[in-house]
Amino acid sequence: MASTHGAHGILVASNRGPITYQTQDDGSLHAKRGGGGLVSGLSAIGPDADALWVCAALGDGDREAVRRGVGEDGVRMLDIDAEVHADAYNGIANSVLWFVHHMLYQTPLEPVFDAEFRRQWDAYRAYNRAFAEALAEEAAEGASVLVQDYHLCLVPGLLRALRPDLRIGHFSHTPWAPVDYFRMLPDDIRAELLDGMLGADRLAFLTWRWATAFLDCAAEIDPERYRVTPASEASRSVEHLDGAAPARTLVGVHGLGADAEFLRARSHEADVEERIVALREEIGEGRRTIVRVDRTELSKNIVRGMLAYRQLLDDHPEWRERVVHVAFAYPSRQDLAIYRDYTAEVQRVADEINSSYGTPGWTPVVLHVKDDFARSLAAYRLADVALVNPIRDGMNLVAKEVPVVSDEGCVLVLSREAGAYEELGEDAVSVNPYDVVGTARALHEALAMQPGERAERTKRLAAAATALPPAQWFLDQLHALEA
Ligand code: G6P
């Protein structure tokens, strides 16, 4: 039996992997590497750990790489049928689970859980099963497996059935829905989701707010089978009363922080300096800046941010020509029509503000939609105010990154619905993301803050933001799973 097991002692599973391939005009494959917490975490454990990252092939380039056997040590890409993947990723993960956890539905008309939804759910199941099977094949006896996010909620349960010897962890990078919202899902589906998650030995979240929401859902689905109890000061546990493995699932929290060392070095490289010069030119001499940098997610609330800025220009005309809203809204999930529409709306509102308020020497909103990391860092460095006003957000790393790289201190206007609020709220100016008038008031307060106070707050924000750097965040999860 043991001989059929794989060789890897530590495995990570996520939909999006650390590398993507693009087919070039000459037919060759170009590899592009990504960053993020998992990448730093895996590099921290070093090559001796013999880790394997299992991910999905996302585009044609990735699929081509799998077919040609092109790859990288330590990464296994799964070439899941493209339609199955699209139904699982676009249909279920991004159009249902993302919506549920971020509370994005316009409920008079949606969601509608019809036969089409059931068909897509089957694809989600098949896609989760493909991951579970690959992990079962690759994992050494007793290996630790760290499953990531809402794409792979069923993997822990499916994998446990295949390989009861493994230690299985799951990490949620998003919020978790409050129980009344979660109950919108059909009963059998929400039970399947929770049973899938509770196949893990340990579940982890970015803040206690999301962990508690999960525990509330677990306590409610099947009290005959699951009971929530405190496990220790730093974790809670879900006891499995039906005798099935595992006997209990621990639930803990790891608040991913910003990578100070990397950000400070990267933000002083030549390409960032160049972009600072270009941005200053666009903004104009002596003007203040309200900066935001987001992927164009429905949950990021970019449109209300602009409406609040317009309200600021109405309520405080003294800021006209003296401030610029620098908004970077980078493309995300463009396969989904609702994302494309939202992106268009961001553009429309920016144009409308510029045509109503702009003057020959002043463009009130500078909007960029093409992803450029160096330019983001440039904007972080020169921002007077950072606007981070999501409707709901697992953490929001922009809120943590800005104070770390800011040149002269930056006031953080922060939604109380961002996970980061738990750690940063005290030194930020807080906003209710739906309240445009209140957000305008907060922007005014932020712009008017004295430099001394601003610098003091930024220092404290940077300290809180870097309390748990990515590599440590990853190691803590691994150690907690192995304990
Ligand atoms: C955000 C969320 C993550 C999620 C990721 C997926 O960053 O915070 O929880 O995994 O989006 O993004 P993708 O571009 O792969 O859909």
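Biologist: At what angle do helix α11 and helix α16 pack, and how far apart are their axes?

Modeller: In this predicted model, helix α11 (residues 302-315) packs against helix α16 (residues 436-448) at an angle of about 65°, and their axes are 8 Å apart. Angles of 65 to 115 degrees count as roughly perpendicular. The two helices α11 and α16 are therefore roughly perpendicular to each other.

Biologist: Is the crossing of α11 and α16 left-handed or right-handed, and which residues make the contact?

Modeller: The crossing of α11 and α16 is right-handed. On the α11 side the contact is made by R304, L307, A308, Y309, Q311, L312 and D315, and on the α16 side by V436, V437, T439, A440, L443, H444 and L447. By class, the residues of this contact of α11 with α16 comprise nine nonpolar, three polar and two charged.

Biologist: How do helix α10 and helix α13 pack?

Modeller: Helix α10 (residues 270-283) and helix α13 (residues 373-382) meet at an angle of about 65°, with 8 Å between their axes. Their crossing is right-handed. From α10, the residues in contact are D271, V272, E273, R275, I276, L279, R280 and I283; from α13, they are A374, R375, L377, A378, A379, R381 and L382. This contact of α10 with α13 has nine nonpolar and six charged residues, and no polar ones.

Biologist: Which residues of helix α7 are buried, and where do they fall when seen down the axis?

Modeller: Residues count as buried under 20% relative accessible area. In helix α7 (residues 187-197), the buried residues are I189, R190, L193, L194, G196 and M197. Viewed down the axis of α7, these buried residues fall within an arc of 160°, so they line one face of the helix.

Methods
Residues numbered from 1 in each chain as written. Predicted model: local features only at pLDDT ≥ 70, side-chain atom pairs only at ≥ 80, totals over all residues. Heavy atoms only, no water. Buried < 20%, exposed > 50% of the residue type's maximum accessible area, 1.4 Å probe, protein only. Helix = DSSP H or I, 4+ residues; strand = E, 2+ residues; numbered from the N terminus. Arc of directions from axis to C-beta. Axes fitted to C-alpha atoms, helices over the stretch in contact; angles between N-to-C directions. Parallel < 35°, antiparallel > 145°, perpendicular 65-115°, else oblique. Left-handed = near helix turned anticlockwise from the far one by under 90°. Contact = heavy atoms within 4.5 Å. Nonpolar A, V, L, I, M, F, W, Y, C, P; charged D, E, K, R; others polar.
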